[in-house]
Amino acid sequence: MCENRNKCHVIAVANQKGGVGKTTTAANLGTGLARQGKKVLIIDADAQGSLTASLGFHEPDRMERTLATVMANVINDVEMEPGYGILGHEEGVDILPGNIELSGLEVSLVNVMSRELVMRSYIDTVKGRYDYILIDCMPSLGMLTINAFSCADSILIPVQAAYLPVKGLEQLIKTIGKVKRQINPGLTIKGILLTMVDGRTNYARDISSLLVENYGGKVRIFENSIPFSVRAAEISAEGISIYRHDPKGKVAAAYESLTREVLADE
């Protein structure tokens, strides 16, 4: 059960642009929170199943119980036993896997009543068992991402330290505002996290300044950024977090600092 019985924090990790370190952030922040004694569920809401694979479940498309089957059961009023589809990971986090079936589900959601709230219906049934639920969203602003925003308390936005991804933030922030107004009034932006930062270049510093200039007044920008590292790119093949793969490295230290920043919000 949650330590604070009334409060499970649901955080969507989202950016409509791929390749910004979204999945890496969901996996390592989730593991970081578990290392601090929190009960954590990570949900893979991306049809590519990258989070599922990066946590060691290497053939997500062959899995029979995933987020797609859970959501289909909610739509069809099929009862599920507690913990249906949830897998444990050796580093102390739980995961609800995702796979290619989410693509078909996204299409079929168009005809479902209260289609934005299907994921929320499910999360409401498991919330009591966790301190944190992190949702790794797909790189689009489709119906599954809207579902994640509809049940989240806050959204963490990883942004690659490059000019174009920073420009694309405007559309994402507008969509979040729309969901807040129409569906989920309690929704907030937890913050923007700069990822893949090459600290040796002026370019990364310029991007950081651009971000603060354009969004700093409206949105929190995390003090900690995630440095670029080849070691971090290797972990998806190994099924473990950065804390196991390169515990003394700069990326592990950065995710540990990010975890402390997130915990400070409690």
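A: The axes of H6 and helix H8 (residues 169-182) come within 10 Å and cross at roughly 55°. Axes are lines fitted to C-alpha atoms, for helices over the stretch in contact, with angles from 0 to 180 degrees between N-to-C directions. Helices are DSSP runs (H or I, at least four residues) numbered from the N terminus. This is a predicted model, in which local features need pLDDT of at least 70 and side-chain atom pairs count only at pLDDT 80 or more, while totals for chains, interfaces and linings use all residues. Residues are numbered from 1 along each chain as its sequence is written, and side-chain values use heavy atoms, leaving out hydrogens and water.

Q: Which residues of H6 and H8 meet?
A: Ile 146, Phe 149 and Ser 150 of H6 meet Leu 172, Thr 175, Ile 176 and Val 179 of H8, where contact means heavy atoms within 4.5 Å.

Q: Is H6 mostly covered or mostly exposed?
A: H6 is mostly covered, with nine of its nine residues buried. Buried means under 20% relative accessible area, exposed over 50% and partly exposed in between (1.4 Å probe, protein chains only).

Q: What does Phe 149 touch?
A: Not counting residues up to four places away in sequence, Phe 149 touches several residues, including Ala 12, Cys 137, Leu 172 and Leu 187.

Q: Changing topic: at what angle do H3 and H4 pack?
A: Helix H3 (residues 67-75) and helix H4 (residues 101-108) pack at an angle of about 30°, with axes 8 Å apart. H3 is therefore roughly parallel to H4; angles under 35 degrees count as roughly parallel, over 145 as roughly antiparallel, 65 to 115 as roughly perpendicular and the rest as oblique.

Q: Where is Leu 109?
A: Leu 109 is in the loop between H4 and helix H5 (118-126).

Q: Why does Leu 109 count as buried?
A: Leu 109 counts as buried because its relative accessibility is 0%. Among the residues that Leu 109 touches, not counting those up to four places away in sequence, are Met 71, Ile 75, Met 143 and Leu 144.

Definitions and conventions: Helices (H or I, at least four residues) and strands (E, at least two) are DSSP runs, numbered from the N terminus.
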